[in-house]
Amino acid sequence: MCLNVKYNLGDIGNRVILIADAHQNEFHNPLPAFLDFLEQEIQEKRDFTLLLIGDIFDMLFGGVYSSIYPHENLIKRLEKIAHKRPVYYFEGNHDFNLKYIFTSVCVIERHKQPANATINGEAIIVGHGDVGVGWLYECYTFIIRNSFLLHFLGYIDMICNGILFKCVRHYLQKHKISYFKHQAFEFAKKRLSLYSHLEEKWIFEGHFHLKHGVLHENEKNYIGLPPFYCIKDAFIVESNGNAFLIYSIRGE
C-alpha cells in the first residue's frame, strides 16, 4: 500500500509548532498551559505557524453540543490565536466535523490528509496518521464521521439532557492514554514505507502514540509525534535553508 498527498498547504513559514494527541478532557487538562505559551509567543512578537495534528480534544464533534460546551473557553482561545498566527487543525479520530466549530482556524479534514507543505522551502508531509491502517478502520471512521448521523445523535442527546454523550465521555475518560507498546522502530519503518514513493523527505504523524518514533532511512525522516497527553511537549521545527532544527518545549 502507498499513501498519496491529498492537499497542499503551501509555504507555512520557517518556524512551526506541532502537537498531537493531547486528548483534552475535564479530568486531564494539558491544553491551557500550552495556550499560555502560545499567547506569550505572540506577546513577544515571535512568529510561528501552529499545526494541531489531531485528537487534541478527547471528544469534540461538530454538531454535538454536549461535546463542545466543556471546551468552549479553549476553543475561543484557539480562535483568538488564529487571528494573529496561522493555525491548521488536522482532524483526528476523536475530533472531527470541526468546520462547524471553528471559523478562524483552518480545518484539514481527514479526506484531505496527508497534506504537504513547505517550511522555508523544505517539503514535508503531515497528517494525523489514521490513514492506511486497513479497510475495517476505514468503514468505522466513515460511519462515525457522517455529519447527518452526528447531528441526529446530537439532537437525541439534546432531548435526553446530554445523557448519551455523557456516557460516551465517561467511557473515554476511564481509559488513560499510554504509549504504543509494541515494537516502535519496526512500526515506524512500516509507516515510512507508505511514503517511500514520494519526493518529500520529512513525514510528521500523530495518532500512534509512539514514544520513540523518529526514523531516518534512505534520506527520508519519519517523525511519529509522541502523545502530548503523556509528555506535554510541543515540537518546534525551525528551518534555515534546507536544514531543520527540531526541538521540544514543555507545555507546563
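Predicted model: local features only at pLDDT ≥ 70, side-chain atom pairs only at ≥ 80, totals over all residues.
Between which strand and which helix is the loop that holds Pro30 found?

View 1. Pro30 is found in the loop that lies between strand S2 (15-19) and helix H1 (31-43). With a relative accessibility of 1%, Pro30 counts as buried, because buried means under 20% relative accessible area. When its neighbours within four places in sequence are left aside, Pro30 is in contact with Ala22, Gln24, Phe228 and Lys232. Pro30 and Lys112 are separated by 82 residues in sequence, and their C-alpha atoms are 27 Å apart in space.

**View 2. The open sheet of six strands.** The strands follow the order S1-S8-S9-S10-S12-S11, and their pairing is mixed. Strand S1 (7-11) and strand S11 (214-217) are the edge strands, each of which pairs on one side only, and from one strand to the next the twist averages 20 degrees. Helix H7 (residues 184-193) packs on this sheet, where it touches strand S10 (202-205), S11 and strand S12 (220-224), and the direction of H7 makes about 55 degrees with that of S11.

**View 3. Pairing of strands S8 and S9.** Strand S8 (residues 115-119) and strand S9 (residues 122-127) run antiparallel and are joined by five bridges. Asn116 stands opposite Ile125, which belongs to S9.

**View 4. A nonpolar surface patch.** Ile143, which lies in helix H4, counts as exposed because its relative accessibility is 51%, and exposed means over 50%.

How values were computed:
Residues numbered from 1 in each chain as written. Heavy atoms only, no water. Patch = residues over 30% accessible without salt bridge, like charges linked within 9 Å, V, L, I, M, F, W, Y side chains within 5 Å. Areas by Shrake-Rupley, 256 points an atom, 1.4 Å probe, with all protein chains shown as cover. Salt bridge = Lys/Arg side-chain N within 4 Å of Asp/Glu carboxyl O. Helix = DSSP H or I, 4+ residues; strand = E, 2+ residues; numbered from the N terminus. Buried < 20%, exposed > 50% of the residue type's maximum accessible area, 1.4 Å probe, protein only. Contact = heavy atoms within 4.5 Å. Pairing = 2+ DSSP bridges. Axes fitted to C-alpha atoms, helices over the stretch in contact; angles between N-to-C directions.
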